[in-house]
Amino acid sequence: GLQIDQHFAPATVSLYMFSLLEPRAKIAILPLTTETMAQFQNEFLGPQPRTMKLKSSKPQKYNVTMDVLDSELLQEICQLYQVDVVLMQHLGIPTPYCSG
């Protein structure tokens, strides 16, 4: 059946409203595959030089803790992932940083 990704809902509503205001506008929905993204990159940014990725003998680890986030940044992150926060709260999963 039809699957709707909630992350795309705001963009879908915006596109729908735009199509009502400008019915001659053409809107294409494309899959976000690696090939599609490479085509967009080449079309809008021009061909990009390929870079070599060096293999490291040990995996890179980043030590990011909650200490690096201030309350304003946390609030912005919570707003960005609002749909996920609501879903988690509905499922009973605690969201201690986004409880407000």
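In which helix is L20 found? L20 lies in helix α1, which spans residues 9-21. The model is a predicted one, in which local features need pLDDT of at least 70, side-chain atom pairs count only at pLDDT 80 or more, and totals for chains, interfaces and linings use all residues. Residues are numbered from 1 along each chain as its sequence is written, and side-chain values use heavy atoms, with hydrogens and water left out.

The chain contains 4 helices and 0 strands, and its elements follow the order α-α-α-α from the N terminus. Helices (H or I, at least four residues) and strands (E, at least two) are DSSP runs, numbered from the N terminus. Of the 100 residues in the chain, 7% are buried; buried denotes under 20% relative accessible area, exposed over 50%, and partly exposed the range in between, with a 1.4 Å probe and protein chains only. The accessible surface of the chain is about 10,100 Å², and carbon and sulfur atoms account for 61% of that area. Such areas come from the Shrake-Rupley method with a 1.4 Å probe, and for residues only the protein chains shown count as cover.

On this surface, V13, Y16, M17 and L20 make a nonpolar patch of about 420 Å². Patches consist of residues with over 30% relative accessible area and no salt bridge; like charges are joined within 9 Å, and nonpolar side chains (Val, Leu, Ile, Met, Phe, Trp, Tyr) within 5 Å.

A salt bridge requires a side-chain nitrogen of Lys or Arg within 4 Å of a carboxyl oxygen of Asp or Glu. R24 and E22 form a salt bridge in which the closest N and O atoms are 3.0 Å apart. R24 is exposed at a relative accessible area of 71%, whereas E22 is partly exposed at 26%.

A covalent link is considered next. A disulfide is counted when a pair of cysteine sulfur atoms lies within 2.5 Å, and the count is 1 disulfide. C78 and C98 are joined with an S to S distance of 1.8 Å. The pair connects distant parts of the chain, 20 residues apart: C78 belongs to helix α3 (residues 71-80), and C98 to the segment after α4 (82-90). Because the torsion about the S-S bond of C78 and C98 is about -80 degrees, the disulfide is left-handed. C78 is buried, its relative accessible area being 10%.

The segment after α4 also holds T95, which counts as buried at 12% relative accessibility. Its neighbours within four places in sequence aside, T95 is in contact (heavy atoms within 4.5 Å) with V85, M88 and Q89. The side chains of T95 and Q89 make a polar contact at 2.9 Å. A polar contact is a pair of N or O atoms within 3.5 Å; within protein, one must be able to donate a hydrogen and the other to accept it, and residues adjacent in sequence count only if both atoms are side-chain atoms.
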